[in-house]
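Subject: Structure handover and notes

Dear colleague,

I would be grateful if you could read them with the model open beside you.

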Amino acid sequence: MKKELSAHAVDFIDDKYFDNLLNNKSAEPSQVRDIIAKSLDKKALNLDETAALLRTDDPELVEEIFAAGRRLKKEVYGNRIVLFAPLYIGNECVNDCAYCAFRRSNKTVIRRTLNDGEIESQVKALEDKGHKRLILVFGEHPQYNANYISDTVRKVYSVKHEHGEIRRVNINAAPMDHEGFKMVKEAGIGTYQIFMETYHHETYKKVHPQNTLKADYLWRLDGLSRAFETGCDDMGIGALFGLYDWRFDVLGLVRHSLFLQERYGVGPHTISFPRLKPANGVVHESDYLVNDYDFKRLVAILRLSVPYTGMILTARESEEIRREVMSFGVSQIDAGSRIEIGGYTEAGDAQTQVLEREQFSLGDLRSLDTVMRQLMEDGYMPSFCTSCYRLGRTGEHFMEFAIPGFIEQFCTPNAILTLMEYLTDYASPETRISGEKLIGKEINSVKNSIIKSKVLEQIDKIKTSDARDFYF
Ligand code: SAM
Ligand code: SF4
């Protein structure tokens, strides 16, 4: 790997400036309400405005922020929730991140890398549950170089079982050089996801020991710029909440989004906000663990700050928190996730984890079928749609909101068709009943009669034949 930064690499995180923004006195209620109104007008917020929301502690105003998050979610995203699952490929790692069970100094974790046959059986098991979208997860290790990651991506796409296939493979892996990003793009990745963990320099240094690859803050921060320079335009950013003051890291995420938008004309496709969880061999000595109330605040404030960016809520969180926080503007969740290596065949639906085999503990171990049913009962429309990416509609991802009628013409029909596939091929009888009822209702929101009759025709084909994978 050549350690060459992007053409205009710059460390755009100014800790002092963030501290000043966060230490200002609380904004006046009228000012907070103006900022909320701007966001409800679907305009992205700047750092000053985001900081004003972060400094708002008055419970009444915080409730208004929550309410605005819920409203924005409804107006911008409707009731769709996209589902995916993580697939851990290997946990060898040369880094020593203080918070992670895979760090090299942890001698109690069981190290393992899936071989080709094991990848195939994991993917089949995921397909047999109904998954269509995966994120592959890797430790950082010479063995998992860009070539290896690309081969793994191709391998995953090639596995097909009965009606099952994986139609979108995202990756979460250490930052690469230009050549590496080119390679994984050519292998057909969807989103390249990387978390900065914390944007706070001093904390970053503390949790990533100096003699490790990950200690290089700028190399990581600049990762997405290198990816953009090689033509990858579908990116996911994130921060690991609990390492430092959550307000600082929200500012970091918003600054990162604004930077990418300004420099490359495209912001990140998704933002993730994992909270630190207990992990094998990890002693948490953090003063910054985020409680549930502040977690809700941070999700709602992110929603308001970047109204058009997808937000991912993972199974690290419990069922209760997921159900509550989802309403603040989450667009993607994982379900039926197993994060032990080989877990999809070896752990099945067990409601416990073997932490020596995993990166951290999960809060929601429910099966995909249970989550699907719950989502529908809560009024959401689960979707496995992969259409935009397969038709090259990437980069300007928020065109779905900017182009009048896009959601009605594309997103809703695609959500209906992928849900129908799920119900026909994989759902339990109760989930199928809930799903068919929902489809009956959702189809009425497609006003265009040509599209509507096409969708009805395709639903019929899915139910009565082997035809699958219809999309708009
Ligand atoms: N090794 C790659 C890297 O560090 O970029 C891939 C990422 S790692 C396998 C996936 C993510 O898990 C990390 O970026 C980190 O944010 C998160 N993670 C690590 N330890 C965690 C913990 N104890 N609780 C919650 N999330 C954790
Ligand atoms: Fe390795 Fe990633 Fe875990 Fe750090 S977070 S120890 S780089 S797997």
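Does Asp469 count as buried, exposed or partly exposed? At 22% relative accessibility, Asp469 counts as partly exposed, where buried means under 20% relative accessible area, exposed means over 50% and partly exposed lies in between, with a 1.4 Å probe and protein chains only. Asp469 is found in the segment after α20, and it has a positive phi of about 60° although it is not a glycine.

Before going further, please note that this is a predicted model, in which local features need pLDDT of at least 70 and side-chain atom pairs count only at pLDDT 80 or more, while totals for chains, interfaces and linings use all residues. Residues are numbered from 1 along each chain as its sequence is written, chains are lettered from A and ligands numbered from 1 in the order in which they are written, and side-chain values use heavy atoms, with hydrogens and water left out.

Two further residues in loops may deserve a look. Glu162 lies in the loop between β3 (160–161) and β4 (164–165), where helices (H or I, at least four residues) and strands (E, at least two) are DSSP runs numbered from the N terminus. Glu162 also has a positive phi, of about 50°, although it is not a glycine, and at 72% relative accessibility it counts as exposed. Val283, which sits in the loop between β8 (270–272) and α12 (292–305), likewise counts as exposed, at 68% relative accessibility. From Val283 to Asn79 there are 204 residues in sequence and 39 Å in space, C-alpha to C-alpha.

Two packed helices are described by the angle between their axes and the distance between the axes; here the axes are lines fitted to C-alpha atoms, for helices over the stretch in contact, and angles run from 0 to 180 degrees between N-to-C directions. Of the 8 residues of α3, 7 are buried, so this helix is largely enclosed by the rest of the structure. The buried residues are Leu47, Glu49, Thr50, Ala51, Ala52, Leu53 and Leu54, and what covers them includes α1 (15–23), α2, α4 (59–77), α11 (246–264) and α12.

The axes of helix α2 (residues 29–40) and helix α3 (residues 47–54) come within 10 Å and cross at roughly 120°. The two are therefore oblique to each other, given that angles under 35 degrees count as roughly parallel, over 145 as roughly antiparallel, 65 to 115 as roughly perpendicular and the rest as oblique. Their contact (heavy atoms within 4.5 Å) is made by Val32, Ile35, Ile36 and Lys38 of α2 and by Glu49, Ala52 and Leu53 of α3. By class, this contact of α2 with α3 has 5 nonpolar, no polar and 2 charged residues, where Ala, Val, Leu, Ile, Met, Phe, Trp, Tyr, Cys and Pro count as nonpolar, Asp, Glu, Lys and Arg as charged, and the others, Gly among them, as polar.

Helix α1 packs against α3 at an angle of about 45°, with the axes 8 Å apart, which makes α1 oblique to α3. On the α1 side the contact is made by Tyr17, Phe18, Leu21 and Leu22, and on the α3 side by Leu47, Asp48, Ala51 and Leu54; by class, it has 7 nonpolar, no polar and 1 charged residues.

Finally, helix α18 (residues 406–425) has 20 residues and reaches 28 Å from its first C-alpha to its last, close to the 28 Å expected at 1.5 Å a residue, the expected span being 1.5 Å times one less than the number of residues. This helix is mostly covered, with 14 of its 20 residues buried. The axes of α18 and helix α20 (residues 449–464) come within 10 Å and cross at roughly 15°, which makes α18 roughly parallel to α20. Among the residues of α18 that meet α20 are Pro413, Ile416 and Leu417, and the residues of the contact divide into 8 nonpolar, 3 polar and 2 charged. Asn414, also in helix α18, counts as buried at 2% relative accessibility. Leaving aside neighbours within four places in sequence, Asn414 is in contact with Cys385, Ser387, Arg393, Phe470, Tyr471 and Phe472.

With best regards
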